[in-house]
Amino acid sequence: MSTSRPPAISLQLARETRERFVAATETVIAPAALAIRERLSSLAAQTGNARAMQENRDDFLSFQGQASNWVAMSQASWRKVLATSTGGTTQNSLSRLELIGDEVVENNILSSRLAQLIADKASFELNDLRLRIQHLEGTSELDAKDVFKPETLAKLLVEQWLAAGLTRAMWTKVQDSIQVKLVEAVVKAYKDSNAFLIGKGVMPEIDLKSFVKRTGNAASGTMPLGNGYGGAQSSGPGQYGGGGASRGMQGIAPPGSFAPAAIGVGMGWGGGAGNSQGGGNEGVVATGGSPLLMARQRAQGVLLNLKRFVSARLGPESSSGIQHVAGSGAPGGGYANGVMARGAGGASPAFVAAIADAEAAYQLASSQYVVGEEATALQQTAADLRRRTTELKKKAPTTADKATVEIVALMFQAILAEERIPFSARVWFARLQMPVLRVAIAEPEFFGTLQHPARMLIDRMGSCVMGFDAAAISGSALEGEIRRVVQVIEQYPETGQRVFKLVFDEFVAFLGKYLTQSDATQRVMSVAQQVEQKETMAIQYTIELRKMLNDMPVRDEIREFLFKVWAEVLAIAALRYGAQDEQTVTLKRAASDLVWAASAKPNRNDRTRVIQDLPKLLQRLRQGMTLLGIIGDPQEAQIKIIGATLSDAFMSKTEAIAPAKIEAMAQRLANIEDFVSDEGTAEFPIDAASIELLLGVDAASIEVVPDTGQKVGEEMLAWAHELQVGNWFMLDHNSRPSQVQFVWRSDRKQLHLFASSDGRSFLIQAGRLASYLQAGLLVPAEEETLTVRATREALAKLDANPERLLN
């Protein structure tokens, strides 16, 4: 990257991008306050012990009084941060070390969770935006307090929360509500910022290799980190996981680490040996939250523990130019930016070539393994990879490279030993060791984030195949796709994480087709999708009919018929025949004709017309109800109610409606699809009978699990919406446990299809799915992803035998 001063137009464009980003994100603070108010109101309405009830009421009243202040102060402070953003880089130095008190550390703990969620959700967009801004401003890193950094906004919101007189305990209660509103908006703002810059011609395609450069001694392999967003680190004996000593160091967050602004006291990314021991769950502050969030925290804790372990060992061993902070606080260190602080261009060319040679040799050797001799082949694979690992460690130019080789090797040993992965798939998983090593050497975030494409790909493939037996995988299209994915990665060794991201997206798309390819599943999907469309349209039509009749004096009996019966008739007609089909148009017209017929008829001409048109109208009403499945006595009961109302209208016992209003209603009904929206369509009734009715399909093989209206938290609904297609679960439905695979989610995310190995299908509505997750009736088959479990096992082996890290 050029070091010359960037032109004024580039700086202005970067400035404008920041202004747009701040303008987009500040608008979500007020909705976040509304969500907080609703959350506190819900808590205040709950029953419990007297003390908890009083605290909840006090919190609600406190926020009621300070909500507007928090919103205004946060928005003003956010704009002030924009005004002070220079686009430069804050230099880390020993002079920035300072002791900080408990309050600052606790504030950092509160904001770090929000910052980490944003960073995880916006990993790719955030990184691309950073590179584009650096390109415009000619810098090597964003300023530590740049508005684009997730921890900047998170920290500001917490600070203004406390400044408004609100408490940390209250923030903990409502942080999930804040996250739901904030994360989505901020991620969208990152995407919009990238789109804006691309529209201005700024780096439409990003080549990460062009941003790699050496610093210092080229032989050392060190370079400035180019990915991620660092925050404050902290240290202090006994502070890991909370508790212990009460003071820590203000961190020198190395630019580029993915650390939020202090995950917890003593959890800095480069903490030295012995500085972060003590209680805590895998290094994650026990702040509570949904099971999904807690699982992510535990997973992140595994990565944090690995970093701490290696930082403690590499600190005094690092003699080849790797800067570290193992106990000293020196800038640029820690495992995240010491062990992994190199780009592809910064690694030793000879070492890169050695990895390529080992990869080619293993590809050739693995092609000789024979399916059917699994035990022998697995032994050969393990021995082969272990031997090549030993050779690579000998050739590694730095202790950091040696450590990276060993950790990746141990991870793949664990993956190779996973018996639930069929042998034919494990052979291809093993071939990813060298490509992953290549990426881990070049890209620091591989060990720092769960969202790295290489991790995501291995996790997704692993979670999918571990539920199948060997016979189901061998020779299948799934095995073929895994083989194709690995071969594509092997063919593009210079593209880093980009090729992993590409094949990950392709694999996800493949799963969507592969898991739904059977005729039975296709039939269920088709019916389920149409049920969702029909119920959604029925709700939309009901909303529109209510708007049309809002200012018309229509009898309640007619209103109820139109809302509860005729809206569904219109929906199923539109689905079966098409919205503008002649049959559907006739049924739409019947609605306005019924409203006219049910209005007062004070003159003879109107009465004559009613007598003439009534048989046709009743015939259309019967046709519509028959279409909906209302026949026999239920149909006659509806006709009787309508007939009584029409008799009253004939004798002018009902109110008159202006003909112009009737005609306006008819015109709006004719094109009702132009007015409907998704508003209010989150929930709808569904059962097996409605499926059979819709298309005449026998629903005996489908277990329909409809929503019961039970209230569940937003975090549970969010968890339901984030389930990944292909993952396996244990489902306890009606006291009958089944292992099921999640195979499909409807377009509106309201219906979810799970398939069991015995041929049964479970169609579960979103609200019920969330309640099953909450009650533990639907449990992920794997508590941890494949790479997290592999990292945990690698760390256990290193902990038992630390010498193997470098020897």
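Is α18 mostly covered or mostly uncovered? The first point takes this up, after a word on conventions. This is a predicted model, in which local features need pLDDT of at least 70 and side-chain atom pairs count only at pLDDT 80 or more, while totals for chains, interfaces and linings use all residues. Residues are numbered from 1 along each chain as its sequence is written, and side-chain values use heavy atoms, with hydrogens and water left out.

1. Helix α18 is mostly covered, with 21 of its 30 residues buried (under 20% relative accessible area, where exposed is over 50% and partly exposed lies in between, with a 1.4 Å probe and protein chains only). Helices (H or I, at least four residues) and strands (E, at least two) are DSSP runs, numbered from the N terminus. Helix α18 covers residues 519–548 and reaches 43 Å from its first C-alpha to its last, close to the 44 Å expected at 1.5 Å a residue, the expected span being 1.5 Å times one less than the number of residues.

2. An open sheet of 6 strands, with mixed pairing, runs in the order β3-β7-β6-β5-β4-β8; two strands pair if DSSP finds at least two bridges between them. Strands β3 (702–705) and β8 (778–780) stand at the edges, each with a single partner strand, so one side of each lacks a neighbour in the sheet. Within the sheet, β4 (residues 728–733) and β5 (residues 736–745) run antiparallel and are joined by 6 bridges, with F729 opposite V740 in β5. Helix α18 packs on this sheet, touching β3, β5, β6 and β7, and its direction makes about 160° with that of β6 (contact means heavy atoms within 4.5 Å; axes are lines fitted to C-alpha atoms, for helices over the stretch in contact, and angles run from 0 to 180 degrees between N-to-C directions).

3. Helix α12 (residues 423–430) has 8 of its 8 residues buried, so it is largely enclosed by the rest of the structure. One of these, F423, lies 8.0 Å from L378, C-alpha to C-alpha, although the two are 45 residues apart in sequence. L378 belongs to helix α10 (residues 374–395) and, leaving aside residues up to four places away in sequence, touches L416, F423 and R426.

4. Q451, in the loop between α13 (433–442) and α14 (453–465), is partly exposed, with a relative accessible area of 22%. Not counting residues up to four places away in sequence, Q451 touches D120, S123, F124 and M456.
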